[in-house]
Each structure stands twice: as C-alpha cells, then as structure tokens.
Amino acid sequence: IKAGKRLSMGVTIQAPKVTPSGEVTVRVKVTGSKTRTVTALLDEYGTAKIDLGKIKLRKGKKGKVKITVQYAGDAAVLPGSAKAKVKVKGSHGKGKR
C-alpha cells in the first residue's frame, strides 16, 4: 500500500458446521505511530469489513503495518487470533531532516 492511502480489510471467521458470531478486534501498528484499535461485529456470514484509516508516514519514508486480529469467541466457537504485515511505500517528495 502507498502512504496516505486508506487501508481496509475483510475478516472472516470460520468454524465447522456453525457460523461464528460476536466481535473481532483489530490492532494496527504503523511504523512510527501509536497502535490503533478497531472493533467490529461479525455479520450473519461470520465476516466483518474494517476500515483501518489512512496510513501516515513521513514523506519519502517506507514502513510496515502490523495487524493483529483477535476473535473473542462465542458459545459454539473458541477464541482465536491471527497476524499479518503490510509493506508501505513512501510518498513522493523529500523528507524533512
């Protein structure tokens, strides 16, 4: 993804013979920024679309977005988590020194 662009993602929780329900919590850590936390409810299919906002970096810099998704579980499905990383390309222009 390019710095300055919005990042969104879909989350699907799957389990055999049952559709998970409840909440997912997504924690997002962008290089040089504080961790953001977004919570979403799963729909009737066990999915949620999550807007993680704009990815901000200093001009000309590169970075990473570390994403952790946590599912709290429900009466029929155990809790779980997953992690991912996304590389961020720097924006055009010269960085300040």
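Predicted model: local features only at pLDDT ≥ 70, side-chain atom pairs only at ≥ 80, totals over all residues.
**Entry: the overall chain.** Next I looked up burial, and 29% of the 97 residues in the protein chain count as buried. For the accessible surface I got about 7,000 Å², with carbon and sulfur atoms holding 52% of that. I also checked the contacts with a separation of 6 or more: residues 24 or more positions apart make up 62% of them.

**Entry: a positive patch.** Which residues form the positive surface patch? I listed Lys29, Lys62, Lys64, Lys66, Lys83, Lys85 and Lys87. Strand S5 covers 63–71 and strand S6 covers 80–88, and each of the two supplies at least two residues of the patch.

**Entry: a closer look at Lys29.** I was curious where Lys29 sits, and I found this lysine in strand S2, which spans residues 23–30. Is Lys29 buried, exposed or partly exposed? Its relative accessible area is 33%, so I wrote it down as partly exposed. Patch residues need over 30% relative accessible area and no salt bridge, so on area Lys29, at 33%, passes the cut-off. I was happy to see Lys29 of strand S2 listed in the patch with Lys83, Lys85 and Lys87, among others.

Conventions
Residues numbered from 1 in each chain as written. Heavy atoms only, no water. Patch = residues over 30% accessible without salt bridge, like charges linked within 9 Å, V, L, I, M, F, W, Y side chains within 5 Å. Areas by Shrake-Rupley, 256 points an atom, 1.4 Å probe, with all protein chains shown as cover. Salt bridge = Lys/Arg side-chain N within 4 Å of Asp/Glu carboxyl O. Lys, Arg positive; Asp, Glu negative; His and termini not counted. Charge placed at Lys NZ, Arg CZ, Asp CG, Glu CD. Helix = DSSP H or I, 4+ residues; strand = E, 2+ residues; numbered from the N terminus. Buried < 20%, exposed > 50% of the residue type's maximum accessible area, 1.4 Å probe, protein only. Contact = heavy atoms within 4.5 Å.
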